[in-house]
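Dear colleague,

Please find below the structure that I am handing over to you. I would be grateful if you would look through it before reading my notes.

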Amino acid sequence: MSETTYLAQGPRTAIRPFTRADADEFTARARESRELHHPWLFPPASPDTYAAYAEVLIEDPARAGFLVCERNGTAGSGADGAIAGFININNIVMGGFRCGALGYGGFAHATGRGLMSEGLGLVLGHAFGPLGLHRLEANIQPGNAGSIALVRRAGFRLEGFSPDFLLIDGAWRDHERWAITADMG
């Protein structure tokens with residue numbers, strides 16, 4: 001992937017939209033990361049499930065999907081442009097609300113290297129800049145310490161607790177509600 005396709009770049013990462021051609025790398029990374037993601041999320045791990053997932057992110061104007069990619073052969077990646085994780089903005093509402101809900105996951109090979117923190121910063125800049133959003137929300141299960149630490153580092157504030165908030169893996173799960181607005185950055 002050439003650098004000209006990136007929407008934003010940092011010292012070690014860059015973000016770009018999902019493409020249909022990312023299926024093999026994305027699903028291989030998802031399969032390698034099952035233990036890391038369980039029980040919090042279940043990214044697509046087969047070409048068929050990836051195709052449906054990516055299609056929605058590519059075509060639905062109420063969603064924006066971003067791949068966090070390593071730059072310049074960052075240690076552990078093996079190649080420039082390797083996918084380190086993903087950050088999606090779902091349920092985008094414009095008008096007076098200008099808000100979206102984040103969903104994200106890092107892949108096992110990138111864990112603990114700060115790549116998702118940098119990538120989230122790039123997504124926030126894109127969301128509050130070119131996308132024209134004012135607010136982003138992240139709903140996180142209370143036991144997901146890594147995810148809470150990620151949004152806390154990015155400047156999100158804890159706004160509340162919602163019991164039985166989202167259906168995940170067949171059960172209604174409690175979530176903490178975190179948010180950030182354009183003026184907080």
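This is a predicted model: local features need pLDDT of at least 70, side-chain atom pairs count only at pLDDT 80 or more; totals for chains, interfaces and linings use all residues.

**The nonpolar cores**

The largest nonpolar core has 29 residues, and the members that touch the most others are Ile87, Ile89, Leu102, Tyr104, Leu136, Ala138 and Phe156. Two or more residues come from each of the strands E3 (64-70), E4 (83-93), E5 (99-106), E6 (135-140) and E8 (171-181), and from each of the helices H4 (115-128) and H5 (145-153). Helix H4 is the greatest contributor, with 7 residues. In soluble globular proteins, nonpolar side chains tend to be buried together.

Returning to the largest core, Ala138 is one of the members with the most neighbours within it. Beyond the residues within four places of it in sequence, Ala138 is in contact with Leu102, Tyr104, Val151, Phe156, Glu176, Arg177 and Trp178.

**Strand E4 and its partners**

Strand E4 is largely enclosed by the rest of the structure, because 9 of its 11 residues are buried. E4 runs antiparallel to E3, to which 6 bridges join it; within this pairing, Leu67 has Phe86 of E4 as its bridge partner. E4 also pairs with E5, again in the antiparallel sense, over 7 bridges. Here Ile87 is bridged to Tyr104 of E5, and both of these residues are listed among the core members that touch the most others. The hairpin formed by E4 and E5 has 5 residues between the strands, and Gly95 in this hairpin takes a positive phi near 65 degrees.

**Cysteines**

How many disulfides does a search of the whole structure find? The search finds 0. Cys69 has a relative accessibility of 0% and so counts as buried. Cys99, with a relative accessible area of 3%, is buried as well.

**Threonine 13**

Is Thr13 buried or exposed? Thr13 lies in strand E2, which covers residues 13-17. Its relative accessibility is 0%, and therefore Thr13 counts as buried. Leaving out neighbours within four places in sequence, the residues in contact with Thr13 are Val68, Cys69, Arg71, Leu115, Glu118, Gly119 and Leu122.

With kind regards

Note on methods. Residues are numbered from 1 along each chain as its sequence is written. Side-chain values use heavy atoms; hydrogens and water are left out. A nonpolar core is a set of buried Ala, Val, Leu, Ile, Met, Phe, Trp, Tyr and Cys residues joined through side-chain atoms within 4.5 Å. Buried means under 20% relative accessible area, exposed over 50%, partly exposed in between (1.4 Å probe, protein chains only). Helices (H or I, at least four residues) and strands (E, at least two) are DSSP runs, numbered from the N terminus. Contact means heavy atoms within 4.5 Å. Two strands pair if DSSP finds at least two bridges between them. A disulfide is a pair of cysteine sulfur atoms within 2.5 Å.
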